[in-house]
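This briefing is meant for a reader who is meeting the structure for the first time.

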Amino acid sequence: MSWPYDYIIIGAGSAGCAIANRLAKDMALRILILEAGPPDTSFKLKMPAGFASLGENSPYNWRYETVPQKHCNDRRMYWPRGKTLGGSSSINAMLYVRGHASDYDHWRQLGNDGWSYREVLPFFKKAEHNERYNDEYHGLEGPLNVAEQRNPLEINDGFIRACASLGIPRNDDFNGAEQYGVGYYQVTQRDQQRWSAASAYLRPAVERNRNNVHVISNALVERIILDNDRAMGVRYVVDGRDEVARCSREIILSGGAVNSPQLLMLSGIGPADHLNSIGIRPLHDLPGVGGNLQDHLDAAILQHAKPGTTYGRSNKLWALYQYLVNKKGPGTSPIAESGGFLHTRQGLSAPDIQLHFLPVMVVDHGRTEMRKDGYSLHVCTLRPESRGTIRLKSTDPKEHPLIDANYLAERRDLDTLIDGVKMGRDIFAQSSLDPYRVEEFQPGAAVKTDAEIEQWIRAKCETIYHPVGTCRMGPSGDPMAVVDNRCRVHGLVGLRVVDASVMPTLVGGNTNAPTIMIAERVAGFMQEP
């Protein structure tokens with residue numbers, strides 16, 4: 001058994017790295033960080049476009065799959081999640097998007113004091129160093145570098161002009177006063193390299209406080225150890241050895257929307273009936289653990305393009321050479337270069353669909369190589385009403401849990417996606433894309449009616465990698481809430497969950513920046529006198 005730490009952080013993903021950095025500013029603290037994956041040393045993790053190569057054989061990817069999805073032709077959905085220092089921020093598309101202001105006001109309306117947009121904006125700004133913007137919405141002194149893209153392809157301008165011809169305005173800052181509109185995404189890059197949470201937060205913390213910040217990679221935490229109602233340590237395996245680490249102050253669980261509820265349940269914290277059913281003695285009955293799962297479901301319109309206008313036939317060796325020599329070319333790309341936020345119907349207070357425009361055809365998460373030129377428009381429903389679950393498959397910590405996103409269980413989610421696909425096709429039909437367009441690859445010319453689009457969506461939709469909500473934040477009177485407004489687990493002492501799993505509802509946008517904000521916000525709570 002190791003000597004006691006003040007804090008043990010489980011998971012060195014976006015939230016874990018950020019909260020470690022802020023706590024480590026106190027040089028007297030002893031902090032242990034346990035990460036299940038290997039260090040983030042691969043060149044593919046540094047080169048922005050390298051994420052496209054981090055498929056199902058990567059050691060940096062949990063490679064989850066859902067259970068068969070009832071409303072999606074019983075398909076199992078592939079769920080890549082980061083398994084390395086930096087977590088999913090080390091393998092994502094690096095888009096810096098916060099969501100809509102009303103998302104956070106809604107969290108406050110649900111009883112979570114301190115989480116309105118006005119109250120969280122300072123923590124978004126605290127995290128951010130924006131290379132372009134210096135105004136009331138953006139920060140200049142934070143560790144998370146936010147940059148413009150270096151070499152986006154010209155076809156993006158054709159996409160933006162196509163939107164303009166339909167009355168959709170240009171928006172150069174989705175995180176400013178207005179989210180609606182289309183434009184280029186800003187990215188979490190620095191000097192044309194990925195700037196993950198490990199780069200921004202973890203390495204500076206270790207370098208600054210090397211004697212008191214201890215990071216162990218390839219360490220699988222098997223359970224949190226409780227002493228009555230207090231979390232006092234963790235049991236983990238590293239290099240084939242069983243280890244126990246003790247904690248004098250708090251354990252901070254930052255495993256993400258899949259791993260955090262999984263570890264709570266493995267530790268006897270969760271729905272008592274489920275735990276009993278698989279042979280785990282319930283130590284703390286908390287029905288909400290693993291419930292409330294929400295994710296952005298994505299339907300991609302794929303269009304063949306004229307040769308040389310997209311990344312379709314890019315010479316990979318030439319692209320690598322360009323990147324290594326002068327940090328130019330396709331290697332700098334987030335692949336999802338432009339996009340935006342639209343309303344599918346009048347009267348909405350916030351956009352309800354998001355677009356990601358890719359100057360390449362991406363099929364099956366990039367696992368199927370497309371040899372022709374083409375481009376993609378990914379359409380997702382921003383605020384799904386469908387709710388799913390994370391449940392244990394067995395008592396073995398190494399076995400992936402049962403993920404049931406329950407996609408399209410609510411008809412509104414499907415209707416919004418159908419409307420979004422039709423809007424996307426209208427955009428692709430505009431004359432500004434004539435210089436690039438050939439025939440549509442998907443859904444294809446035979447798919448015309450709403451009913452046909454529906455069947456195509458059920459057959460082809462996929463995640464766009466934004467699972468949240470499985471350790472929901474809420475007041476003590478909410479029987480399904482897992483943590484309070486300071487992310488402390490209800491009914492226990494010395495245990496917090498700090499990651500995307502605490503989001504009570506899914507934000508209208510990408511989830512990495514909001515996850516880092518959550519860590520900054522909770523660190524602020526913890527450092528209050």
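How many helices and how many strands are there in the chain? The model, which is a predicted one, has twelve helices and 24 strands in its chain. The radius of gyration is 22 Å, close to the 24 Å that the globule rule gives for 529 residues, so the chain is as compact as a globular protein of that length.

**The chain as a whole**

- Taken along the principal axes, the box filled by the C-alpha atoms of the chain is roughly 65 × 50 × 45 Å.
- Of the 529 residues in the chain, 62% count as buried, while the chain exposes about 20300 Å², with carbon and sulfur atoms supplying 48% of that area.
- When contacts between residues at least 6 apart in sequence are considered, 69% of them join residues that are at least 24 apart.
- The side chains include 59 positive and 61 negative ones, and the centres of these two sets lie 4 Å apart.

**Helix α1**

- Helix α1, which spans residues 14-23, is mostly covered, since ten of its ten residues are buried.
- Among these buried residues of α1 are S14, C17, I19, N21 and R22.
- The cover over the buried residues of α1 includes the strands β1 (5-10), β2 (31-34) and β13 (241-253), together with the helices α4 (117-127), α6 (197-208) and α12 (512-526).

- Leaving aside neighbours within four places in sequence, the residues in contact with N175 are Y96, V97, R98, Y137 and H138.
- H378 is found in strand β19, which covers residues 374-381, and H378 counts as buried at 11% relative accessibility.
- The side chains of H378 and D298 are joined by a polar contact of 2.6 Å; beyond its neighbours within four places in sequence, H378 is in contact with several residues, including D298, Q354, H356 and I464.

**The loop between β21 and α10**

- Y407 has its place in the loop between β21 (402-404) and α10 (411-428), and Y407 is buried because its relative accessible area, 4%, is under the 20% cut-off.
- A polar contact of 2.4 Å links the side chain of Y407 to the side chain of D295.
- Apart from neighbours within four places in sequence, Y407 is in contact with residues that include Q69, H71, C72, W79, D295 and T463.
- The C-alpha atoms of Y407 and P351, which are 56 residues apart along the chain, are separated by 20 Å.
- N406 also lies in the loop between β21 and α10, and N406 is partly exposed, with a relative accessible area of 23%.

**The surroundings of G82**

- G82 is placed in the loop between β4 (78-79) and α3 (101-109), and at 14% relative accessibility G82 counts as buried.
- Although G82 and G13 are 69 residues apart along the chain, their C-alpha atoms are separated by 7.6 Å.
- Once its neighbours within four places in sequence are left aside, G82 is in contact with Y60, W62, G87, S88 and I91.

**Backbone features**

- Most residues other than glycine have a negative phi, and most peptide bonds are trans.
- D191 is not a glycine and yet has a positive phi of about 55°; D191 is found in the loop between β8 (189-190) and β9 (193-194), and with a relative accessible area of 53% D191 is exposed.
- N406, which is likewise not a glycine, has a positive phi of about 55°.
- The peptide bond that runs from Q442 to P443 is cis, with omega near 5°, and P443 lies in the loop between β22 (437-442) and α11 (450-460).

Technical notes
Residues are numbered from 1 along each chain as its sequence is written. This is a predicted model: local features need pLDDT of at least 70, side-chain atom pairs count only at pLDDT 80 or more; totals for chains, interfaces and linings use all residues. Side-chain values use heavy atoms; hydrogens and water are left out. Helices (H or I, at least four residues) and strands (E, at least two) are DSSP runs, numbered from the N terminus. The radius of gyration is taken over C-alpha atoms; the globule rule is 2.2 Å times the number of residues to the power 0.38. Buried means under 20% relative accessible area, exposed over 50%, partly exposed in between (1.4 Å probe, protein chains only). Contact means heavy atoms within 4.5 Å. Accessible areas come from the Shrake-Rupley method with a 1.4 Å probe; for residues, only the protein chains shown count as cover. Lys and Arg count as positive and Asp and Glu as negative; His and the chain ends are not counted. The place of a charge is taken as NZ of Lys, CZ of Arg, CG of Asp or CD of Glu. A polar contact is a pair of N or O atoms within 3.5 Å; within protein, one must be able to donate a hydrogen and the other to accept it, and residues adjacent in sequence count only if both atoms are side-chain atoms.
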